Amino acid sequence: MFTLPLDDHAQLRPLEPWQAEEFLAHIDRARDSVDPWIPWATFSSDLDSATATLQRYADRLAQDGGRICGIWLDDTLVGGVMFTRFESDSGVCEIGCWVERAGEGRGLVTRACRVLIDWAFQQRGMSRVEWWVAAGNARSIDVARRLGMTRDGVLRQRYPYRGVRHDSEIWSVLPTEWPPVGEASGAGVRAELDRLMRVLFSAFDNTGGRGPDLGVIRDVFIPQGRIIANVGDEPVIYDLDAFIEPREKMLTDGTLTEFSEWEVAERTEIFGSIAHRFSTYRKSGFHHGEWFEGSGCKTTQFIQTPSGWKISSLAWDDAPATATATE
């Protein structure tokens, strides 16, 4: 199961039938604000019907015809996004969203929708992403605008709901219009992520009498960033200060000299305002006067913040032969 960070407290995850009880509790909280605009919320009134709703999307996923993901805020389901329709043959898909009041005002839905649109265009080569919305749903229309969509038209009195016929607006965005003006291009984002990784690796370098610069770690990470080492039976989880202090000491007190590490291969995936990188790296230096060489893997998560792209978390695992070299 994938988990993608949307901000320091929120995550995007698949929403599956086995989560129906949690989904129903969320819909009960959201019903007053969601029901007027998303009729399927009306159909999720008990555990059986909530399970059936999620099962429909599981069936669509199996047929490559749709999918649904939830937004969790501090481990509480507060909303979600979905491909209500995904037609790979025609290259057209439709996305939708919902959120309860506890998740409003944080930009979570917009960021989650960017993930879906990026995936549709960049991974699946879709030609058009649509957004169908009831004409009176101002909040949803605002999201469409923030996503850079264009209103194509209005279908008057398209569908009945609770005895009243409602208009539907159709909005869309095309690959040539994505990302919206003012947002970084995919190439620009990739270049920035490459830069962050170069800064991170060079922070430990003390070759040729150079002093390490571990303070830059605070610049490339969000303040709440976490660094995780898999060095024993259980992972060790550091905040930034706890990680920096002992390594700064080792790199300046003679424990580690002529030390450097560098990335040798990587795989990077970018999803709107979040990204992930899997890296392999090598390292070398003197540890207590003895030369060593080693290698390992890092997994790094990034998030776009108002001040630019930052690292939100990093985990690494050294090859067994060198597991103690930098720990």
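**Reading a predicted model: exposure, strands and cores**

Me: Does histidine 288 count as buried or exposed?

Reply: Buried means under 20% relative accessible area, exposed means over 50%, and partly exposed lies in between, with a 1.4 Å probe and protein chains only. Histidine 288 has a relative accessibility of 60% and therefore counts as exposed. This is a predicted model, in which local features need pLDDT of at least 70, side-chain atom pairs count only at pLDDT 80 or more, and totals for chains, interfaces and linings use all residues. Residues are numbered from 1 along each chain as its sequence is written, and side-chain values use heavy atoms, with hydrogens and water left out.

Me: Where is histidine 288 found?

Reply: Helices (H or I, at least four residues) and strands (E, at least two) are DSSP runs, numbered from the N terminus. Histidine 288 is found in the loop between β12 and β13 (290–305). Its phi is near 55°, a positive value in a residue other than glycine. Aspartate 64, which is also not a glycine, has a positive phi of about 60°. That residue is placed in the loop between α3 (47–62) and β3, and is partly exposed at 28% relative accessible area.

Me: How should I read strand pairing, and which strands form the open sheet?

Reply: Two strands pair if DSSP finds at least two bridges between them. Here 6 strands form an open sheet with mixed pairing, in the order β10-β9-β14-β13-β12-β11. The edges are β10 (236–238) and β11 (256–271); each has a single partner strand, so one side of each lacks a neighbour in the sheet. Within the sheet, β9 (residues 221–229) and β14 (residues 308–318) run parallel and are joined by 5 bridges. Arginine 226 has serine 313 in β14 as its bridge partner.

Me: Which helix lies across β9, β10, β11 and β14?

Reply: Axes are lines fitted to C-alpha atoms, for helices over the stretch in contact, and angles run from 0 to 180 degrees between N-to-C directions. Contact means heavy atoms within 4.5 Å. The helix is α8 (residues 240–252), running at about 65° to β9. Helix α4 (residues 108–123) lies across β11 and β12 (274–287), at about 80° to β11.

Me: What are the partners of strand β3?

Reply: Strand β2 (residues 10–14) pairs with β3 in the antiparallel sense over 5 bridges, and 7 bridges join β3 to the antiparallel strand β4 (residues 76–87). Cysteine 69 stands opposite proline 14 and has valine 81 in β4 as a bridge partner. Of the 7 residues of β3 (residues 67–73), 6 are buried.

Me: How many disulfides does a search of the whole structure find?

Reply: A disulfide is a covalent bond between the sulfur atoms of two cysteines. Here the term is applied to a pair of cysteine sulfur atoms within 2.5 Å. The search finds 0 disulfides. For cysteine 69, the nearest cysteine sulfur, that of cysteine 113, is 11 Å away. Cysteine 69 is buried, at 6% relative accessible area.

Me: Which residues have the most contacts inside the largest nonpolar core?

Reply: In soluble globular proteins, nonpolar side chains tend to be buried together. A nonpolar core is a set of buried Ala, Val, Leu, Ile, Met, Phe, Trp, Tyr and Cys residues joined through side-chain atoms within 4.5 Å. The largest has 41 residues, and Leu12, Ile95, Ile117, Val129, Trp131 and Met149 have the most contacts inside it. Helix α4 gives the most to this core, with 10 residues. A second, separate core has 32 residues, including Leu214 and Ile244.
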